[in-house]
Structures are given as structure tokens and as C-alpha cells.
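User: I am new to reading protein models. Could you take me through some features step by step?

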Amino acid sequence: MELFNPALEENITFVRPAYFIITGFIGIPNVNFYFVFLLFVYVLSVVGNGTVLTLIIVDHTLKGPKYVAVFSLALTDILSSTAFLPKIIDIFLFNHRYISYNECLTFMFFGFTLPAMQSFNLVALSYDRLMAIMYPLHYQVKVTQRSMINLIAFLWIFTITLILIVVGFITRLSFCKSVVINSYFCDHGPVYRLGCNDVSPSRVIGVFFILPVFILWLPMIFILSSYICIAIALFRVAVVKERVKALKTCTGHLSLVAIYFIPILITFTIGAEIHPNARIINLSLTSVFPPMLNPIVYVLHTQEIRLSIKRILKFTQRDKVMAK
């Protein structure tokens with residue numbers, strides 16, 4: 001870790017660049033097909049999550065604390081896809097690689113806030129499943145719609161505050177050397193390493209403390225702990241049929257957890273051993289795939305949402321028949 005040197009720091013003139021240059025995906029053959037694929041992923045993400053949001057809004061049966069968290073996750077997925085994919089396509093497909101300083105920091109803020117909020121939404125859903133299985137008779141008292149709204153609001157405020165701290169330390173850096181960012185967006189690591197004054201606060205706060213601990217490890221530990229408690233509670237249930245029934249209510253959430261955390265863990269475990277371009281592609285897919293797959297999981301694993309879709313399709317067909 002670099003040590004802070006006051007004498008050296010005083011000799012460095014503070015330089016804030018007018019722009020950065022994002023250089024990811026260089027040297028990959030036929031890479032334009034990948035960006036067209038990302039456009040397809042974006043459309044699916046918006047349509048899928050937009051459908052889930054619409055169902056929760058219009059269908060009165062999809063109410064309760066669980067669907068507050070599902071609504072927040074679907075909203076976060078749309079915002080995350082919109083923050084990442086159109087900008088990535090604009091940068092690389094249309095070769096607009098220059099990005100202003102303020103726009104880069106904004107890109108960094110949304111690029112970490114929204115994925116972090118995806119993680120915390122999964123925490124809220126695991127809390128909901130934990131309370132539902134541990135305290136089935138008192139669930140509606142312990143977890144109300146208002147309490148879940150308050151929890152989601154707190155998680156949003158907490159996440160935004162954390163990422164503002166991370167970005168705030170970037171604004172203290174002087175960029176007197178290179179302005180080339182070797183990533184697919186204004187990633188924190190590639191940006192702070194360009195600083196020519198003391199970067200240790202950004203390294204400690206962003207790399208060793210806030211980003212991995214609060215966004216990855218603490219949510220994952222909470223979710224794993226929740227399911228350990230759920231497993232213990234289910235083993236105490238005498239009737240096997242009741243165990244299976246309770247476990248089925250968790251399969252959708254477990255699928256969401258796997259979709260989000262497993263690619264991240266794999267990427268960061270083997271990231272240093274693979275080619276930089278392969279790592280950039282893995283990270284970009286990790287960012288865009290969960291928002292696309294999450295609504296598919298809702299439909300496959302949530303009976304209430306499947307029934308809601310059937311009701312709406314039935315009403316639509318009936319209205320068409322009546323119109324004729």
C-alpha cells in the first residue's frame with residue numbers, strides 16, 4: 001500500500017481532466033456483434049422488468065411486503081440496464097470513447113449504485129423469506145408492507161451514501177498523467193489508479209472496504225445465514241410435505257441469488273488469471289445478464305405472477321371478443 005507523503009503531495013499540481021478515454025474491448029474480432037447482442041439483452045430486460053412492474057401496479061392480488069421488494073428489484077434492474085447498456089453501445093459501437101470528467105463520475109455513481117441495490121434487494125427478499133418460514137403465524141404482523149417500504153427506502157439511502165463516499169474520494173485525485181480507462185465504463189479501480197497524488201484513501205475506501213464488503217460480502221453472508229436459519233427451521237417441521245411446500249417458496253429467490261452472486265464470484269476469483277479483454281467481457285455480462293434473467297425467474301417460480309399474467313391475457317381476449 002502506498003504511504004502518504006506530504007512533501008510529494010505539495011509538489012503535485014491538482015489537475016482535473018476535461019475528459020477520459022474509455023478503451024475497453026480493443027483488439028476483439030467482430031466485437032460489433034457483441035454490442036448488437038447487448039442491445040437485444042437491453043430490450044429483453046426492459047420488456048421483462050417493465051411487465052413485472054406493470055403487473056404489480058395493476059393487479060391488486062400482487063400486494064404485500066414480498067412484492068414491495070420484487071418491485072424494487074425490477075425497478076433497479078430497469079435502471080441498471082438503462083444506465084449501462086445504451087451508454088456502452090454508444091461508446092463502443094458508435095466509437096464515442098471520449099467522456100467528460102463529470103459524466104464519467106456520474107457513470108461511475110450509477111454503475112455502482114444500481115448493482116449494489118440489486119444486491120440489497122436480494123437481502124430484503126431473503127429477510128422476507130426468513131420471517132415467513134421462521135414465524136409463519138406472526139409473519140403478517142412482523143413484516144408489513146409499510147415496514148418493507150421503510151427497509152427498501154433505508155437500503156436505497158444507505159447505498160447512495162456509500163457510493164457518494166467512493167466517488168467523493170475520486171474527486172480529490174489529480175490526473176496529471178494518463179486519462180485512458182481500460183474498462184467498459186468508468187470503473188473505480190482503473191480510474192483511481194490514474195491518479196498521480198495519494199490514491200491510498202480511494203484504494204482503502206473503495207477497494208478494501210466499501211465496494212467488496214458492503215456490496216458483496218455482507219449481503220452474501222446475510223443471505224447465507226438466512227438460509228441456514230431457514231434450513232434449521234424446516235428440519236424441525238415433522239411433515240415432509242410441509243417442508244417441501246415451504247422450500248418451494250424459496251426457489252425463486254435462491255435462483256435470483258445464484259444469478260447475481262455466482263458470476264461475480266467467478267469473475268473476481270479468476271479475474272487476475274485471464275486476458276484483460278476476457279475479464280472485461282465477463283464483467284459486462286455480469287452486469288447485464290441478471291436484469292434480463294430476473295423477470296424470467298419471477299414468472300417461472302412465482303405462481304401469483306403466472307396467475308396474474310393468465311388473468312390479464314384472459315381479460316384481453318374477452319375484450320377483443322366483445323369488441324367484435
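User: Is Asn30 buried or exposed?

Analyst: Keep in mind that this model is predicted. To answer, compare the relative accessible area with a cut-off: over 50% counts as exposed. Asn30 has 61%, so Asn30 is exposed. Asn30 sits in the loop between β1 and α2.

User: What is the phi of Asn30?

Analyst: Asn30 is not a glycine, yet its phi is positive, about 55°. Phe25 is another case: its phi is about 65°, and Phe25 is not a glycine either. Phe25 also lies in the loop between β1 and α2.

User: Which residues form a nonpolar patch on the surface?

Analyst: Phe37, Phe40 and Leu44 do, with about 270 Å² of accessible area together. Take Phe37, found in helix α2, residues 31-58. Its relative accessibility is 34%, so Phe37 counts as partly exposed.

User: How do α3 and α4 pack?

Analyst: Start with the angle between the axes: over 145 degrees counts as roughly antiparallel. Helix α3 (residues 65-92) and helix α4 (residues 101-134) pack at about 155°, with axes 9 Å apart. The two are therefore roughly antiparallel to each other. The crossing of α3 past α4 is left-handed.

User: How many residues apart in sequence are Pro17 and Lys177?

Analyst: They are 160 residues apart in sequence, but 9.7 Å apart in space, C-alpha to C-alpha. Pro17 lies in the loop between α1 and β1. Pro17 is buried, at 9% relative accessible area.

Technical notes. Residues numbered from 1 in each chain as written. Predicted model: local features only at pLDDT ≥ 70, side-chain atom pairs only at ≥ 80, totals over all residues. Heavy atoms only, no water. Patch = residues over 30% accessible without salt bridge, like charges linked within 9 Å, V, L, I, M, F, W, Y side chains within 5 Å. Areas by Shrake-Rupley, 256 points an atom, 1.4 Å probe, with all protein chains shown as cover. Salt bridge = Lys/Arg side-chain N within 4 Å of Asp/Glu carboxyl O. Helix = DSSP H or I, 4+ residues; strand = E, 2+ residues; numbered from the N terminus. Buried < 20%, exposed > 50% of the residue type's maximum accessible area, 1.4 Å probe, protein only. Axes fitted to C-alpha atoms, helices over the stretch in contact; angles between N-to-C directions. Parallel < 35°, antiparallel > 145°, perpendicular 65-115°, else oblique. Left-handed = near helix turned anticlockwise from the far one by under 90°.
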